[in-house]
Amino acid sequence: MKNNIYRPYFAAPGSSSTRPASSSISPTSIGAPAIAAQMATNVDISDSKLWPDFVTKAFIDIMVDEVTKRNMPNGVFHNRTWTSMTTKLSSITNRSFKVGQLKAKMHRLRAMYREFYSLLQNTGFGWNAETNTVTVSEEVWRNYLKEPMH
């Protein structure tokens, strides 16, 4: 069975590879979905129904476009930008979204990014862009899992 739910959050742009979910962790390479599964406690299961991969990617692309257009001064989107993004996402996906849903999703994505970024800041953790996997020795991974989560 493939784990597609969290892949887009950690896969490189344009990546179409999907790694199978696994309960065992390779000593030198941990697939992003395995990491995401560890982090999934912060994500509501119903989120995956409203936000499948293609919808999440479309939303991220829209946000990147708005940032590129300098529509996120001081790290905050204005209400008119939120309204515009909601309209664009609804048009692209043929689904009806509300501004509050987009704001909540952005906050969840931001939290996941911070958690993932924090993981990579630990000594011994790295990222292999070619395979879209976290690299770490088995010993470092075991030690990390023993520490209380932040």
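Asn94 is exposed, at a relative accessible area of 71% (exposed is over 50%, buried under 20%, partly exposed in between, with a 1.4 Å probe and protein chains only). The model is predicted: local features need pLDDT of at least 70 and side-chain atom pairs count only at pLDDT 80 or more, while totals for chains, interfaces and linings use all residues. Residues are numbered from 1 along each chain as its sequence is written, and side-chain values use heavy atoms, with hydrogens and water left out.

Asn94 sits in the loop between α5 and α6 (99–121); helices are DSSP runs of H or I with at least four residues, numbered from the N terminus. Its phi is near 55°, a positive value in a residue other than glycine. Asn74 also has a phi near 55°. Asn74 belongs to the loop between α4 (53–68) and α5 (79–93), and its relative accessibility of 79% makes it exposed. Most residues other than glycine have a negative phi.

## Packing of α5 on α6

How do the axes of α5 and α6 cross? They cross at roughly 95° and come within 9 Å, where axes are lines fitted to C-alpha atoms over the stretch in contact and angles run from 0 to 180 degrees between N-to-C directions.

On the α5 side, the contact (heavy atoms within 4.5 Å) involves Asn79, Trp82, Thr83, Met85, Thr86 and Leu89. These meet Val99, Leu102, Lys103 and Met106 of α6. By class, the contact of α5 with α6 has 6 nonpolar, 3 polar and 1 charged residues.

## Helix α6 and Leu102

The 23 residues of α6 reach 33 Å from the first C-alpha to the last, close to the 33 Å expected at 1.5 Å a residue; the expected span is 1.5 Å times one less than the number of residues. Its buried residues are Leu102, Lys105, Met106, Leu109, Met112, Phe116 and Leu119.

Leu102, in helix α6, is buried at 0% relative accessibility. Leaving aside residues up to four places away in sequence, Leu102 touches Trp51, Phe59, Trp82, Met85, Thr86, Leu89 and Phe97. With Phe59 the C-alpha separation is 8.1 Å, across 43 residues of chain.

## Salt bridges

How many salt bridges does the whole structure hold? The search finds 6, each defined as a side-chain nitrogen of Lys or Arg within 4 Å of a carboxyl oxygen of Asp or Glu. One of them pairs Asp61 with Lys57 at 2.9 Å, N to O. These two residues are 4 apart in helix α4, so about one helical turn separates them. Asp61 is partly exposed at 40% relative accessible area, and Lys57 is partly exposed at 44%.

Glu66 is buried, with 3% relative accessibility. Its side chain meets that of Lys69 in a salt bridge of 3.7 Å, N to O, and Lys69 is partly exposed at 44%. Glu66 also forms a salt bridge with Lys88, where the closest N and O atoms are 2.6 Å apart. That pair links distant parts of the chain, with Lys88 in helix α5 and Glu66 in helix α4, 22 residues apart. Lys88 is partly exposed, with a relative accessible area of 28%. Through shared partners, salt bridges join Asp65, Glu66, Lys69 and Lys88 into one network.

Methods: Nonpolar A, V, L, I, M, F, W, Y, C, P; charged D, E, K, R; others polar.
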